Amino acid sequence: MKTKFTLIISFILSLTISSCEKEYLEYPSTTQPTVDNYYNTAGEVYGATGLLYGRVWSRWFDKAFTSVGDVLGGTVTGVAGNSQYNSFYNFNIQSTDGLVGDTWTSCYKAAGNASVLIETFELKKEQIGEQPFLTIGIAEARFIRAFAYFYIARTFGDAPIVESPLALTKSGNSLVPRYFQADVLRFAIEDLKFAEENLPEAAYQLGRVTSYSAKGLMAKVYLYMKDYDNAKAKAKEVIDYANATGLIGLYPDYNELFTSSVVGRGNVESLFALQWTTDASWNGGNRFMTYAAPKPLVAPAPTNSTAGWSAVIPSIDMLDPATGYANGDMRRQWSVMEHGFHRDDWVNDSYPGGFTYDTTGMATDNTYIFTATRSNIQKYMVGPNRSGEPVNTNAHSSMPTYILRYADVLLIYAEAAMGGGGATADAQALEAFNAVHTRAGLDPVTNLTIDELLHERKVEFAFEGDYWFDIQRQGLAKASEMVANQERGTYDNNKVLNSFKATIPSGFNLYLPVPQSETVINPLLLDDPVSYYDN
């Protein structure tokens, strides 16, 4: 089954129309597996949809995932790492920035791959009739496409929609305008409604999305749209199912949720995650440790990695109890490595008795670590290479990347219950909030404000590529206030703070610009957006 899940569909992954046309205009080769000779079994269909969970997202996940969600959001600083992070650190993002192009390319590639599969499976239905595995395959592809367009809408605002890459290429006109952000979000909702109706309640394979994944993601999209009634209703459907069945819930060990690939591949909290495998390396391994791991964790044997660059590290803002992890919040020690951190099971040649995070060397080598905030991200760190937890010499792992967790659904419900207001004392909203809050070792609350809710999201989802969107969706005035209150500076060698406070120049800066490489090819992207729907 693992082989089927990672089956290479070369007609999707390797072909583009030409070097001067869009990633989202990829289409199948006539010499590769076709609708006539393939997709006759569930294994063949599910093997194709399995690719939508990983490799197609690689360019985005490489650095843009963290840059957009966390560096922009202020939970991470990359100022001491790769220079590509710096424009996100200070809101000086240009249309020529490589990570802007990587985000656009990956999202449209994922959406385009999904669209090709949807059309292919529909054609197969015409040949062999209705088959449950084809309907599930279409629903799974539409879920992934919905996420891609949701991310596009949040990241770029107004953007193209390409429902049928095949029809577009046949038309001879590959120039697509930007559509209003509201239409892009509506397109995502329509895909999710289909996925909700046609995916199974329980995953047919570890890591696959379900109808409740669709409900949960729909709740997140509705919240972003400020459609609080629908956000609350969809979140409640997931919560009620979780309470009734136990098949969905909060995983009791928050730290293990992020440091064990075995747990990551299948647990009650994960509703949607990208799937990676160490063996695939740059073509499908989880690269997060490459950039975020401390060198003394992965450089010594048995991993022998040349990576572990600490290029992205927790911000000082996250480490300040007044603005980040409050005193007593266990998520700090579960999410961050600071001086004295120790894991018995993380054994390497430098630390045969278990890895210890040691900053006393005042420099970084195979024993000591010395970053600009005296910390490293712990989430998505699985430790050194060992049996059952392979890590290659590039520090790639098999740890999945969570896109939607049940904790998110609970906090969506609590926020939606406010209905856009500033506070709530609603019992069910408090119950949902406190389930997340008390897992972190904190006392339950009896009243909840929007600022407390947003702070909870900050500390719950830090380093998961999402917090910027919580800031952005507040609108320019509130977002500017939230960013202005963040400490984005770093420490010098004597731990003297070099303070830096960022500002958001304008509402335009709430979104990434369309990549210049795209506007050169398609000048329509420079025009004002138009409506996708007639009503």
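Let's start with Met 362, which lies in the loop between β6 (355-356) and β7. Helices and strands here are DSSP runs numbered from the N terminus, with helices being H or I of at least four residues and strands E of at least two. Met 362 isn't a glycine, yet it has a positive phi of about 60 degrees. With 47% relative accessibility, Met 362 counts as partly exposed. On that scale, buried means under 20% relative accessible area, exposed means over 50%, and partly exposed is in between (1.4 Å probe, protein chains only).

Arg 374 is also found in the loop between β6 and β7. Its phi is positive too, near 55 degrees, in a residue other than glycine. Arg 374 is buried, though, at a relative accessible area of 10%.

## What you're looking at

This is a predicted model, where local features need pLDDT of at least 70, side-chain atom pairs count only at pLDDT 80 or more, and totals for chains, interfaces and linings use all residues. Residues are numbered from 1 along each chain as its sequence is written, and side-chain values use heavy atoms, leaving out hydrogens and water.

The protein chain has 23 helices and twelve strands. Buried residues account for 60% of its 535 residues. Its C-alpha trace spans about 65 × 55 × 50 Å along the principal axes.

Rings of Phe, Tyr and Trp (its six-membered ring) pair if their centres lie within 6.5 Å; planes under 30 degrees apart are stacked, over 60 edge-to-face, and the rest tilted. That rule gives 36 aromatic pairs. Take Trp 104 and Phe 156: their ring centres are 5.0 Å apart and their planes sit at 85 degrees, so the pair is edge-to-face. Trp 104 belongs to helix α6 (residues 98-128) and Phe 156 to helix α7 (residues 132-156), so the pair ties together parts 52 residues apart in sequence. Trp 104 is buried at 2% relative accessibility, and Phe 156 is buried at 5%.

Phe 288 and Tyr 380 are edge-to-face as well, because their centres are 5.6 Å apart and their planes are at 75 degrees. Phe 288 lies in helix α14 (residues 288-292) and Tyr 380 in the loop between β7 (375-377) and β8 (401-405), so this pair ties together parts 92 residues apart in sequence. Both Phe 288 and Tyr 380 are buried. There's also an aromatic cluster, with Trp 57, Trp 60, Phe 61 and Phe 65 among its members.

## A bent helix

Helix α4 (residues 58-71) has 14 residues and reaches 18 Å from first C-alpha to last, close to the 20 Å expected at 1.5 Å a residue. The expected span is 1.5 Å times one less than the number of residues. At Ala 64, α4 bends by about 60 degrees, the angle between axes fitted to the seven residues ending there and the seven starting there. Of its 14 residues, 13 are buried, so α4 is largely enclosed by the rest of the structure.

## A cis peptide bond

The peptide bond from Ala 301 to Pro 302 is cis, with omega near 15 degrees. You'll find Pro 302 in the loop between α15 (295-298) and β3 (313-314).
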